[in-house]
Amino acid sequence: MPALLEVRGLKAGYGPTHVLHGLDFDVDAGGVTALLGANGAGKTTSLRAVSGMIRTEGEIRFQGESIAGQATEAIAQRGIAHVPDGRGTFMELTVEENFRLGAYVRTDKADVQRDFERMWEWFPRLRQRWRQQAGTLSGGEQQMLAIARALLLKPRLLLLDEPSFGLAPLIVQEIFAIMRRIREESGAGILLVEQNANLALELADRAYLLETGRIVVSGLAAEIRQDESIRRSYLGY
Amino acid sequence: MDGLAHQIIAGIATGGIYASVALALVMIYQATHHINFAQGEMATLSTFIAWYLVTEGVPYWLAFFATIGISFVIGALIERILLRPVQNAPPLTHVGVFIGLLLIIGNATGWIFGYTTKVFPTPFVSDRPLMGGLVSAHELGTTAVTLVVLMLIFVFFRYTKLGLGMRAAAYNPRSARLVGINVGMMLALGWGLAAAVGAIAGMMVAPVVFLDPTMMLGILLYAFAGALLGGIDNPGGAVLGGFAVGVLENLAGAYVVGTELKLTVALIIIISVLLVRPAGLFGRVVLSRV
Amino acid sequence: MSSATGLPEGVAAAPVPVAEAGTPAWQRLLLVAGGVILALAPLWLLESFHLFQLTMAVIMALAVLGLNIVTGYNGQISLGHGAFFAVGAYCTAILMSHFDWSFWWTLPVSAAVCATVGFGIGFPALRLAGHYLALTTFALAVAVPQLLKHKAVEDWTGGVQGLFLVKPDPPAFLPVTPDQWIYLVVVSIAAVLFFLTWNLIRGRIGRALMATRDHPTAAEAMGMDIASLKTKAFAVSALVTGIAGSLSAVAIEFVAPDSFTIFVSITLFVGMVAGGVASILGSLFGGLFVLFVPNIAESISKAAPGVIYGIILIGLLFVMPDGFAGLLRRLTARLRRGGTS
């Protein structure tokens, strides 16, 4: 059975500068793939490439169909949700409206209501802030809102860009706990970009190490975690 | 005292027109951060279309709604054809395109319909004086139409899914795409709506100022002033600003500067707002990005 | 497109296409001589109406040059330069018709008044970025005719009727008609102002103007006084456009409020875009464009020259965003490459 997301020979960049020089990676249905690497290695660019935010070369197949070159909104409508860097929250709108936007492309009204309730259960703090402007939330709450918004798309694949970025350790723990829950309960595949390699490898089952736009190490997350030389030379812990 | 009351009521009636055009400007500004210098010309063209329909024997209200529909289509087409290709160009290009649009629409209107001033009908007539003669039937009708339009727009943006999608596309196009919203479509819809609102304003004001190809120039200036006064990124504020400017204009015209300097009053309001409170009364202060 | 510069690529790169550093002296001399001959030839070649049109084209070119200083080189979008054009024209007209001043003496006064007004507009403009400034100057230009007609100034401006004035007579030793003389005057003054502007732009001040346009934060960090630079740019820009206004008053021998509607400002803007944004030579093309293209547009469609005019403007923005000057630059660059290979 082919993977949920198959990426082959992915090249991309911004204008004349190339950032990715031919990446191959997979995300399995119900699995977590982590993209690791230093700043500027091309992790964020890889996510943008998958959701069609930049021009790409190479193959991107989702559920067996090519999505390369499609518009971002069309890719979202296929069931790929993306929590971008900077979270992409609609700051001027309320928490409720952010929720409604998360489910914008869905037509199954009753289901959406059920998913709202599920998100309230997962993120009780968002329910308390229901009518508040998203811009007034704390960093952790905003990250939760971003994840909730993405989940409300009822995605088959979730792209997460640095969910721990700029958050206090306790909140990071909370968010990773939620991601475990997503993996168990929603059955969606997750493509995770993370600076915190230790946490990411704990969660992931597959991992790729990027260096200046190339994959230098790939394999099972558990194995990479055990491999001291990789940890020393690439992950720095 | 009756004089003053009448001036205020008349001010509210014209203020409604300014509020509508200001709202049209703000709708486009919010979505694209462009100021549509051709908004007035677009409204004038719409009004001429309505005039043509009415003179051809189409009943007023049928012509009214047909014009709104036609204007909507024209507005959306303009966005698709003229603005889409330059959406990432520098501001100078946008200003240039708007000026080109102003020239094209303004002159096309004169070319097609002629430059002579025309009488435009009002659907609001009354045999007896209203409120003791304080207010004309047309003023009352205009105010009512404006309020209904503003209310509809408010409900649309606040409570419908499409309205929410348009707001999301305006505030944060990148994230809007990520949740599956077709931002390009929302922009075209926004332009269509703005054109439709402008058309209503044109049809409401034409019976008062008479219809000719330059009819909206001064009104556009007042709408600018109203939008800035209320906050150009705040639709509600712009509407209030439009009403405020209408009353202010009428009072200034009646008691301070006379009618010859009406445009200058608008200019002074614009400059004062920009100098004293650039974000407007209800706008957010936006820090410029470095 | 380079988004950082806020202008089409290549515009800022080569502001001076005529004589580059390293051009031998004899070549420059040849260029100047050629220019002089080209400028004087119409005196013998054109009859009076066409000479008048050319005079107006040079005046418009000068006005476009003024706009280019503040909008092209300094990036402050003005849609109201017709206001400065009007101030210049009225200065000259009032001094000549009410005080019997000679035309020549009105020029420094007009320059001073326009520079002051420009400076005054430049101050609030400092706080207005991009579209807001365009909007404010647009509003200013819309209000101009009304201001000129107002009762308080009617005695001076002649109200709706306007003011009539008379062309200066040519000096006795020159065998030229008044039309030819005014052409000579206009061309000479324009040549001087074009040369001075060219000097200003290619020097330190010009670089500072463009730096504040393209990288305001960096320019400020380098210790440039952006506020002072921007207001001064507005003043100089208004001065140049105002002088063009003065010249137009004597060339037409008449000023009236309704000749200074918003469309003067729009025309100048169109001229700048068509000729070439941030280009000295482009301003010259711009002047020719705004004077002759409406005629051409009229020959295409008698009924709707304005429509054609607008279509040309948008068409230019789409296919030739750096105007005629940019086109010329690309053509010469291609020729040179072709020559060396």
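Me: What is the area buried between chain A and chain B, and how much of it do carbon and sulfur atoms give?
Reply: In this predicted model, it comes to about 2,000 Å². Carbon and sulfur atoms give 59% of that. The contact takes 24 residues from chain A and 23 residues from chain B.

Me: Why is the link between R167(B) and E97(A) called a salt bridge?
Reply: The cut-off is a Lys or Arg side-chain nitrogen within 4 Å of a carboxyl oxygen of Asp or Glu. Here the closest N and O atoms are 2.6 Å apart, so the Arg–Glu pair qualifies. The count between chain A and chain B is 3 salt bridges.

Me: Which elements give two or more residues to the side of chain A that touches chain B?
Reply: Those are helix 2 (72-77) and helix 3 (95-102) of chain A. By class, that side of chain A has 9 nonpolar, 7 polar and 8 charged residues.

Me: Okay, over to the sheet with the order 6-7-8-3-9-10 in chain A. Why do strand 6 and strand 10 of chain A count as edges?
Reply: Each has a single partner strand, so one side of each is left without a neighbour in the sheet. The sheet is open, with 6 strands and mixed pairing.

Me: What makes strand 7 and strand 8 of chain A a pair?
Reply: A pair needs at least two bridges. Strand 7 (157-161) and strand 8 (189-193) of chain A have 5, in the parallel sense, so they pass. L158(A) stands opposite I190(A) in strand 8 of chain A.

Me: And which strands does helix 7 of chain A lie across?
Reply: Helix 7 (169-186) of chain A lies across strand 3, strand 7 and strand 8 of chain A, running at about 150° to strand 8.

Terms used
Residues numbered from 1 in each chain as written. Chains lettered and ligands numbered in written order. Predicted model: local features only at pLDDT ≥ 70, side-chain atom pairs only at ≥ 80, totals over all residues. Heavy atoms only, no water. Contact = heavy atoms within 4.5 Å. Buried area = accessible area lost by both parts, 1.4 Å probe. Helix = DSSP H or I, 4+ residues; strand = E, 2+ residues; numbered from the N terminus. Nonpolar A, V, L, I, M, F, W, Y, C, P; charged D, E, K, R; others polar. Axes fitted to C-alpha atoms, helices over the stretch in contact; angles between N-to-C directions.
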